[in-house]
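User: I would like to go through the charged side chains of this model. Could we start with how they pair up?
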Amino acid sequence: MYWTLELASKLEDAPWPATKDELLDYAMRTGLLPEVIENLIEIEDEGEIYESIVDLWPDYPTTDEDFGINIDEY
């Protein structure tokens with residue numbers, strides 16, 4: 001399983017919090033990239049409820065600073 005910013009960002013509008021099955025259902029219904037669906041399938045399902053993409057990919061940028069944006073420059 002591998003996440004990139006592009007793949008993970010596809011789940012921003014998912015119905016959080018969600019289980020693995022709910023995320024898979026969302027991904028398939030909305031026609032997300034096959035790579036996103038593959039990554040979700042590979043998650044070990046222990047019945048966890050995920051609060052956000054950060055629970056799946058802890059390196060997901062969550063602030064402007066993480067995205068390399070300096071607000072003071074604008």
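Analyst: Arg29 and Asp25 are four residues apart in helix H2, so about one helical turn separates them. Please keep in mind that this is a predicted model. The side chains of Arg29 and Asp25 meet in a salt bridge, with 2.9 Å from N to O.

User: How many salt bridges are there in the whole structure?
Analyst: A search of the whole structure finds one.

User: Now to Lys20. Where is it?
Analyst: Lys20 is in helix H2. This residue is buried and has no salt bridge.

User: Why no salt bridge for Lys20?
Analyst: The nearest side chain of opposite charge, Asp45, is 5.2 Å away.

User: What does the side chain of Lys20 reach, then?
Analyst: It reaches the backbone oxygen of Ile41 at 2.9 Å.

User: Changing topic: which residues gather in the patch of negative charge?
Analyst: Asp21, Glu22, Glu44, Asp45, Glu46, Glu48, Glu51 and Asp55 gather there, on the surface.

User: Where is Asp21, and is it buried or exposed?
Analyst: Asp21 is in helix H2, which covers residues 20–29. Its relative accessible area is 52%, so Asp21 is exposed.

Key:
Residues are numbered from 1 along each chain as its sequence is written. This is a predicted model: local features need pLDDT of at least 70, side-chain atom pairs count only at pLDDT 80 or more; totals for chains, interfaces and linings use all residues. Side-chain values use heavy atoms; hydrogens and water are left out. Patches are made of residues with over 30% relative accessible area and no salt bridge: like charges are joined within 9 Å, nonpolar side chains (Val, Leu, Ile, Met, Phe, Trp, Tyr) within 5 Å. Accessible areas come from the Shrake-Rupley method with a 1.4 Å probe; for residues, only the protein chains shown count as cover. A salt bridge is a side-chain nitrogen of Lys or Arg within 4 Å of a carboxyl oxygen of Asp or Glu. Lys and Arg count as positive and Asp and Glu as negative; His and the chain ends are not counted. The place of a charge is taken as NZ of Lys, CZ of Arg, CG of Asp or CD of Glu. Helices (H or I, at least four residues) and strands (E, at least two) are DSSP runs, numbered from the N terminus. Buried means under 20% relative accessible area, exposed over 50%, partly exposed in between (1.4 Å probe, protein chains only). A polar contact is a pair of N or O atoms within 3.5 Å; within protein, one must be able to donate a hydrogen and the other to accept it, and residues adjacent in sequence count only if both atoms are side-chain atoms.
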